[in-house]
Amino acid sequence: MKPSQHFPALLVALFLGLGISTASEKNKHVFYLGSSYGSNLYYLGTSVSDDRGFLSTDLSYGYDSVLWISGSLYNLPGYSSALPFYDLSAGLNLPLGKSFDLGLTLARHQLTSRPDTLFFNYTYALVSLGLDWKLLYSRLAVGRTFGEYGQTYLNLKNSRYMQSGNFFANNSFFSLEPSVNLYFGSFYRLHSRTISSGPGPGVRPGHGTGNWQYNYYTKGFGLLDVEFSIPVAFNAGIFTLEMEPVYLLPVFDDQSIHSAKGFSFFISAYVRLSRKK
């Protein structure tokens, strides 16, 4: 899913100190309530929302910029079920010196019913290592899904965080974080083969001959998708609004599933419920 989308990436950034609070304002216990809209919800290039737009509501808790826990409810306009699926996630972010950080995430994607068009239930775990190059921030993540279609995948993200000066009583600013994501994972490639059979003993040429075709799959591991995104956020006190255009370029396109591709758009708004320390 847009990774975006297994756990609220904007919330994680807020919890880690990239958002609306300065270091002197941070409260060790932080709560956020948010809502999001997106034109498509996808995971590793596969549309989780059946190529539909979605609405979500998020409630999240963070502790001391290290621990975060989040729950998200999703609605697909025009779909019969009001809440067809939800996500639960938790994670740790551990600084390793001035330049490195280690991230751990455990999440669950759960359908409230079982329509074939809405993907499947799964649990996933992720371990990531981040490196701040000053000009760029790079993160290498290794994840594993557990469920009906479990697989291992890699994600390499390179981004650049930029922030404007403060304004409106020194309480507001804009932030921008253009990024390029490379997603690697397992795939199955369909092959077809045709075999010609000749005439058997005692059969005149041209009779008893024929061709037959069979299909088979081979499994591989490689680059699945390249994602380009430019999230732009407006931060004002306890309120954050983010807009993010995304372009997804499939490298491996599986025709048997709902492959996401092209442009998508996401908008999120979050309010910090906890007071300043």
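Student: What should I know before reading any values?
Tutor: This is a predicted model, where local features need pLDDT of at least 70, side-chain atom pairs count only at pLDDT 80 or more, and totals for chains, interfaces and linings use all residues. Residues are numbered from 1 along each chain as its sequence is written, and side-chain values use heavy atoms, with hydrogens and water left out.

Student: What is the average pLDDT of the protein?
Tutor: The average is 79, and 75% of the residues score at least 70. pLDDT is the predictor's confidence in each residue, from 0 to 100.

Student: Where does pLDDT stay under 50?
Tutor: Residues 1-8 are one such stretch. Residues 15-25 are another. For residues 1-8 the model has 36 contacts beyond four places in sequence, and for residues 15-25 it has 32. Contact means heavy atoms within 4.5 Å.

Student: How many helices and strands in the protein?
Tutor: One helix and 17 strands. Both are DSSP runs, numbered from the N terminus: helices are H or I with at least four residues, strands are E with at least two.

Student: What share of the contacts joins residues at least 24 apart?
Tutor: It is 53%, taken among contacts between residues at least 6 apart in sequence.

Student: And how much of the protein is buried?
Tutor: Buried residues are 40% of the 277. Buried means under 20% relative accessible area, exposed over 50%, and partly exposed in between, with a 1.4 Å probe and protein chains only. The protein exposes about 14,700 Å², and carbon and sulfur atoms supply 62% of that. Those areas come from the Shrake-Rupley method with a 1.4 Å probe; for residues, only the protein chains shown count as cover.

Student: Which residues make up the largest nonpolar core?
Tutor: There are 11: Leu41, Tyr42, Phe54, Tyr74, Leu76, Tyr79, Phe85, Leu111, Val246, Leu248 and Phe266. Apart from that core lies another, of seven residues, including Phe120, Tyr124, Ala141 and Tyr153. A nonpolar core is a set of buried Ala, Val, Leu, Ile, Met, Phe, Trp, Tyr and Cys residues joined through side-chain atoms within 4.5 Å.

Student: How many aromatic pairs turn up in the whole structure?
Tutor: Nine. Rings of Phe, Tyr and Trp (its six-membered ring) pair if their centres lie within 6.5 Å; planes under 30 degrees apart count as stacked, over 60 as edge-to-face and the rest as tilted. Phenylalanine 54 and tyrosine 74 form a tilted pair, 5.9 Å centre to centre with 55° between the planes. Phenylalanine 54 sits in strand β4 and tyrosine 74 in strand β5, so the pair ties together parts 20 residues apart in sequence. Both residues are buried.

Student: Why is the pair of phenylalanine 167 and phenylalanine 234 stacked?
Tutor: Their planes are at 25°, with ring centres 6.3 Å apart, so the pair is stacked. Phenylalanine 167 lies in the loop between β11 (162-163) and β12 (172-176), and phenylalanine 234 in strand β15, so the pair ties together parts 67 residues apart in sequence. Phenylalanine 167 is partly exposed at 25% relative accessibility. Phenylalanine 234 is partly exposed too, at 22%.

Student: Which residues form an aromatic cluster?
Tutor: Phe54, Tyr74, Phe85 and Phe266 form one.

Student: Switching to strands. In which sense do β15 and β16 pair?
Tutor: Antiparallel, over five bridges, with β15 at residues 232-236 and β16 at residues 239-250. Two strands pair if DSSP finds at least two bridges between them. Valine 232 has methionine 243 in β16 as its bridge partner. The hairpin has two residues between the strands, and glycine 237 takes a positive phi near 60° there.

Student: What about β16 and β17?
Tutor: Antiparallel as well, over 10 bridges, with β17 at residues 262-272. Glutamate 242 has serine 268 in β17 as its bridge partner.

Student: Which non-glycine residues have a positive phi?
Tutor: Serine 65, at about 60°, is one of them. Lysine 134, at about 75°, is another. Most residues other than glycine have a negative phi. Serine 65 lies in the loop between β4 and β5 (67-75). Lysine 134 is in the loop between β8 (122-132) and β9 (137-147).

Student: Lysine 134: buried or exposed?
Tutor: Exposed, with a relative accessible area of 62%. Serine 65 is partly exposed, at 25%.
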